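Please keep the sequence and the model at hand while reading.

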Amino acid sequence: MPDARTALPARARVVIIGGGVIGTSIAYHLSHLGWTDVVLLERDRLTSGTTWHAAGLMTCFGSLSETSMQMRMYTRDLYSRLEAETGQSTGFRPVGFIEVAADTDRLEEYRRVAAFNRHVGLEVHEITPAEVAAMFPIADTTDLLAGFYVPQDGRVNPVDATMALAKGARQSGATLIEGVSVERVLTHGRRVVGVATSEGDIECEYVVNAAGMWARQLGERNGVTIPLQAAEHYYLITEEMPQVEATWPILEDPGRHGYYREEGGGLMVGLFEPVCAPWSVSGIPDDFSFGQIPADWDRMGPYVERAMTRVPATLDVGVRTFFCGPESFTPDLAPIVGPAPGLDGYFVAAGMNSVGILTGGGMGRIVAQWIVDGRPDVDVTGFHVDRMADFQLAPRYRAERTVETLGMVYAPHLPGRAMRTARGVRRSPLHDRLAHQGAYFRDVSGWEGADWYAGEGRVPDPGGLTWGRPDWFGTWAEEHRAIREGVGLMDMSFMSAFRVTGPDAGPFLDRLSTARVDGDPSIITYTQWLNDAGTIEADLTVTKIDEGDFLVVASDTAHAHVLEWMRRHRGELDVDVADATSGITQINIQGPLSREVLQRVTSVDLSNEAFPFRAARAIDIGFARVLCARITYLGELGYELHIPTELAGHVYEQLCDAGVASGMRHVGLKALASLRLEKGYRDFGHDIDNTDNPIEAGLGFTVDWEHDFVGRSALAQIRAAGTPSRRLVQVRVLDPAPMVYHAEIVLRDGRAVGYVRSGSYGHTLGGAVGLAMVEADEAITGDLLASSSWELDIAGRRWPIEVSLRPLYDPTGARIRA
């Protein structure tokens, strides 16, 4: 029944769908930003979906994402002060938190995490097994190597926290109505205009789908892709245990699949088993409220026993409650948030992957700020809704992938881990040929991307995951050297490609791009697309094929974002944008011998004089005609070939035959990463993101100040402020032994000043390399870098490093123009 206390308004500025912790947090933060014309609609009662049965862990430790850590720490702070503001307790108790490591891989991981978490402001202490035992006396600590203690973390009451957010929203002017379900979002053209509810329509400008595990079903009604899937999630609560004290910290042992905290005088033992069970794949029932799922003891028995062995006393006491309830998970274990592609005014805030309580405050703040300002104020590249693809909605895909994703919560997060489930969805037309060359494939936005090659006719064996050098390190090094010294072939068919045509195509793309792209035909241009604040929205190339005919190429992860960015800025211009990704197979031929290989198969003169750097023209290869662009992402002479998909097999065969005489080898994505990082080439979503501007990111060379472009005014102000005190730099570890991956802390004269955003191993430079964003109290110049002492914290050990603003490999770019 609808809430009789509150009448349904005819209009609101924002309608939020869903009354869990995320929806109420968004309402709270919107109203505190001055947007009080906000209505939250809950189909039943607040918290009735998954919020009510959450375990209430308020633990910040564990993430290597700066955005995630900001959300967690903000949420913890918010829960600690909401009672003073609203009079409603959140139940927050800072009893502390301990994560334990019983094997060397987890110890390495947690030391890396601890260093990063300290850098972003979290107090973390590495403690001994004896100290763990002193804080949680009934735990078996005999096999532990260390614990990681966060004294300010603790627990919260999920229902109370949600009610405090709801009360704070109401006090600031928002309207929250229970017992009203949203049947569909109303649209006019490509714009939200309202919602149809069980009690009538509400006109609105913005809708936020915060419907939790129902978000996918609601989104599908408007063509919005939100591939959530619910799964069984378990915890048990023991009978009272006299030795248990409410002041004990929360204990977490991912190696035993469990977390442990006091509850009602006994112990709660929660589980994230490595192989889970999806629930209700066909759809979540509309009337499921405050519900439980029948527990599958046969399946869960071994996991429960293993978890309880960390606290053996739990094996000798009765179980008061064995709870199984649904939690929803996303295909990549990251939230699904932001404005939906193709539908203005439709925001999504769902897919919290069982961390909704501990990130709820921060997520609500981010979404509210995004709606009010029109752009986020944190890096959202990893969880933007536009990264999702339609195929991920398929029931079989969701069922198979979710089996793996819940277990990833507690799985060791070792580098190089590839998703194993729901594979083979997108395949290059060259897939079988690459498999014959021994390709080890990994998931690249649903594509099967070759990471490295074992060799013709061989079956790739990746061996075990490791923080050190993998078994295939030598193969990787050979592929890397093939590009540096000879020639390599790379299948890049997963890249996003768009054909932009029409009388206004040139001015349209010029307006979006920091560089001038509407110049002479047959030229490829590397450029950025910015927002009005002057920060980066896309990093891509634009090829002018002819007047009114362009090819835009971006990364796989940027596909929907780039397409949507063009749609939102096209206006009334006479421009047609066509997604050409499926119609083009991209093969890259790179390395100092690439010209001689390509020249063997074409009649077009590829000499430096006839086909200079950045030339982009149609050439013949065998019987085919393809677009050839002389460009590189690896730092060598090279070419990108954009081939009609039906001709790809023929062109590939021609290239392979021609490459034999030059020793050409197949090269995978692992070498692509190490080669581009030696050269200092950026990768949007990894080492640059939507919070960076081109000047501090070292991409000022892409900006042509003589033309107008989106974000120019803001960027001009940043430029006028002088040399920035925050800059992206290249780093190289002087000792050849360590490996660098991500989030290692950069120290200047012994003080932490930033962290590595992307890392790899520089086989040519002779040590691990990466790109790091660093900050100083003064302008960061080459002289400052040279006059300082630099180190990198890798899992608690400091290593001397070289730091540079210029590329450490071929700084003048002579090789790419040879």
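This is a predicted model: local features need pLDDT of at least 70, side-chain atom pairs count only at pLDDT 80 or more; totals for chains, interfaces and linings use all residues.

Residues are numbered from 1 along each chain as its sequence is written, and side-chain values use heavy atoms, with hydrogens and water left out.

Helices (H or I, at least four residues) and strands (E, at least two) are DSSP runs numbered from the N terminus. Two strands are said to pair if DSSP finds at least two bridges between them.

**The six-stranded sheet**

An open sheet of mixed pairing is formed by six strands in the order β8-β2-β1-β12-β19-β18. Its edges are β8 (175–178) and β18 (336–339); each has a single partner strand, so one side of each is left without a neighbour in the sheet. From one strand to the next, the twist averages 20 degrees. Helix α8 (residues 356–373) packs on this sheet and touches β12, β18 and β19. The direction of α8 makes about 15 degrees with that of β18. Contact here means heavy atoms within 4.5 Å; axes are lines fitted to C-alpha atoms, for helices over the stretch in contact, and angles run from 0 to 180 degrees between N-to-C directions.

**The five-stranded sheet**

A further open sheet, with antiparallel pairing, has five strands in the order β24-β25-β26-β23-β27. The edge strands β24 (523–530) and β27 (576–579) each pair on one side only. Neighbouring strands are turned by 25 degrees against each other on average, direction ignored. Helix α13 (residues 559–570) packs on the sheet, touching β23 (496–501), β24, β25, β26 and β27. The direction of α13 makes about 20 degrees with that of β23.

Strand β10 (residues 191–197) is largely enclosed by the rest of the structure, because five of its seven residues are buried (under 20% relative accessible area, with a 1.4 Å probe and protein chains only). β9 and β10 form a hairpin with two residues between them, and Gly189 in the turn has a positive phi of about 65 degrees. A hairpin with two residues between the strands is also formed by β10 and β11.

| Strand pair | Sense | Bridges |
|---|---|---|
| β9 (residues 182–188) and β10 | antiparallel | six bridges |
| β10 and β11 (residues 200–203) | antiparallel | four bridges |
| β12 (residues 206–209) and β19 (residues 346–350) | parallel | three bridges |
| β25 (residues 536–546) and β26 (residues 549–554) | antiparallel | five bridges |

Methods: Buried means under 20% relative accessible area, exposed over 50%, partly exposed in between (1.4 Å probe, protein chains only).
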